[in-house]
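This report is an introduction for someone meeting the structure for the first time. Please look over the sequence and the model before reading on.

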Amino acid sequence: MPGNAAATSLGGAATSGMGDDIGWGRDYRAWARTTGFVNSAAHGNRLLVTYVTPPEAATVYRGNAALVRNGAQSGFRRFPVGTQLVAESFRKGLQGKPGIRGPLFFMRKDRSGWQYAFTDADFRLIGEGTTGRVAFCQACHESGVAGVG
């Protein structure tokens, strides 16, 4: 995948515009794959495959995911600053199997907290930051419902 020098912001407002290349996280398939195909009602009832970097964050992700599956209300570990997650989505095809690739969902943690973004399947930006089109992402993830906070 070719790189892109599109400037993005780690703050609430992105300096990239809708349709721009996201400019970060494009190498996600080189990161730790932390899930198989998991159904996500919150992501359009799509199947998601999640990738995480750095490796210690992937360990945190797997541990927190196990707690979520078991219905835990506490015991979640915090992700280190520098963590990046990408969830690749797929429409459900025949018999619930992965079909056409859909949007990609991005998260990264900086000193101010989590930043969110999502793109179409070709990495064209739809929303980024902490407000606007990604406000729903922040509300769900920071509530603890998603086990990523």
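## Basis of the model

The model is predicted: local features need pLDDT of at least 70, side-chain atom pairs count only at pLDDT 80 or more, and totals for chains, interfaces and linings use all residues. Residues are numbered from 1 along each chain as its sequence is written, and side-chain values use heavy atoms, with hydrogens and water left out.

## Salt bridges

A salt bridge is a side-chain nitrogen of Lys or Arg within 4 Å of a carboxyl oxygen of Asp or Glu. The count by this rule is 4. One of them joins Arg 29 to Glu 88, at 2.4 Å from N to O. This pair links distant parts of the chain, 59 residues apart: Arg 29 lies in the segment before β1 (32-33), and Glu 88 in strand β4 (residues 84-92). Strands (E, at least two residues) are DSSP runs, numbered from the N terminus.

Glu 88 is buried at 2% relative accessibility, while Arg 29, at 49%, is partly exposed. Buried means under 20% relative accessible area, exposed over 50%, and partly exposed in between (1.4 Å probe, protein chains only).

Arg 124 forms a salt bridge with Asp 120, with the closest N and O atoms 2.8 Å apart, and another with Asp 122, at 3.6 Å from N to O. Salt bridges that share partners also join Arg 29, Glu 88 and Arg 101 into one network.

## Met 107

Met 107 belongs to strand β5 (residues 98-110). Its relative accessible area is 7%, so Met 107 counts as buried. The C-alpha atoms of Met 107 and Leu 85 are separated by 5.1 Å, although the two are 22 residues apart along the chain.

Key: Helix = DSSP H or I, 4+ residues; strand = E, 2+ residues; numbered from the N terminus.
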